[in-house]
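Here is a short tour of one chain, from its overall form down to single residues. Keep the sequence and the 3D view side by side as you read.

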Amino acid sequence: MQRIFSKNHYNRRLVNGDEVRRYWLQYSVSNNSVYCFCCKLFTSSTTAASSLSSNGLHDWKNISAILSGNEKSSEYLVNFQSWEDFELRLRYNETVDVEHLRLVKKEEQYWKQTLKRRIALVRVLGTQNLAFRGTHEKLNTADNGNFLKFVEF
């Protein structure tokens, strides 16, 4: 008789009879294996990866004992805490990506303002019929023309 994964493994029965959902448990139909979601995502490369985090588990005969052992392991508890912390940071938009995005937006605003000032400068020089170029075409040199002098200013 061939054993298969049962949906009953998604629930854990406590000593007092209550059932708790194992929402960290993921089943792959294509691999016919189960994985620990938080261990798969948050296991560091320095720790030894369990079968629930690396290759998946398909030992259906001993699955209950393995899942129970995983829930009690220190590696799982650290990974689960990392997952919970990450969800909390996502909920309150306090991730590294949010800070990076804020810096990118700030930089974008800076360059938009710079471009607006340069366009305004080109319009003024054009309407006043003033020359753009000078003898030199480098910033901070003498005789570099009206445009570059205003940019320096």
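## Terms and ground rules

A residue is called buried when its relative accessible area is under 20%, exposed when it is over 50%, and partly exposed in between, with a 1.4 Å probe and protein chains only. By that scale Asn32, with a relative accessible area of 30%, is partly exposed.

The model is predicted: local features need pLDDT of at least 70, side-chain atom pairs count only at pLDDT 80 or more, and totals for chains, interfaces and linings use all residues. Residues are numbered from 1 along each chain as its sequence is written, and side-chain values use heavy atoms, with hydrogens and water left out.

## The chain as a whole

Let's begin with the elements. The chain has 5 helices and 4 strands, where helices (H or I, at least four residues) and strands (E, at least two) are DSSP runs numbered from the N terminus. Read from the N terminus, their order is β-β-β-β-α-α-α-α-α.

How does the radius of gyration of the chain compare with that of a compact globule of 153 residues? The chain has 31 Å, whereas such a globule would have a value near 15 Å. This radius is taken over C-alpha atoms, and the globule rule is 2.2 Å times the number of residues to the power 0.38. Along the principal axes, the C-alpha trace spans about 90 × 30 × 25 Å.

## Surface, contacts and charge

Of the 153 residues, 21% count as buried. The accessible surface of the chain is about 11,700 Å², and carbon and sulfur atoms make up 55% of this area. Such areas come from the Shrake-Rupley method with a 1.4 Å probe; for residues, only the protein chains shown count as cover.

A contact means heavy atoms within 4.5 Å. Among contacts in the chain with a separation of 6 or more, 40% are between residues 24 or more positions apart. As for charge, the mean positions of the 22 positive and 16 negative charges lie 4 Å apart. Lys and Arg count as positive and Asp and Glu as negative, while His and the chain ends are not counted. Each charge is placed at NZ of Lys, CZ of Arg, CG of Asp or CD of Glu.

## Helix H4 and what follows

Helix H4 covers residues 96–127, 32 residues in total, and reaches 47 Å from its first C-alpha to its last, close to the expected 46 Å at 1.5 Å a residue. That expected span is 1.5 Å times one less than the number of residues. Which residues of H4 are buried? They are Thr114, Leu121 and Leu125, and the buried residues of H4 pack against helix H5 (146–152).

The loop between H4 and H5 holds Asn129 and Thr135. Asn129 counts as exposed because its relative accessibility is 72%, and Thr135 is likewise exposed, at 63%.

## Two asparagines with positive phi

Most residues other than glycine have a negative phi. Asn32 has a positive phi of about 55° although it is not a glycine, and this residue sits in the loop between strand E3 (25–28) and strand E4 (33–36). Asn129 also has a positive phi, near 60°.

Trp83 belongs to helix H3 (residues 74–91) and is buried, as its relative accessibility is 7%. Setting aside residues up to four places away in sequence, Trp83 touches Tyr23, Trp24, Phe37, Cys38 and Phe42.

Glu71, in helix H2 (residues 63–72), is buried too, with a relative accessible area of 11%. Beyond its neighbours within four places in sequence, Glu71 is in contact with Arg12, Arg22, Trp24, Tyr76 and Leu77.

## Across the chain

Lys7 is in the segment before strand E1 (11–13) and is exposed, with 67% relative accessibility.

Ser44 lies in the loop between helix H1 (37–42) and H2. At 35% relative accessibility, Ser44 is partly exposed. Ser44 and Leu88 are 20 Å apart, C-alpha to C-alpha, at a sequence separation of 44 residues.
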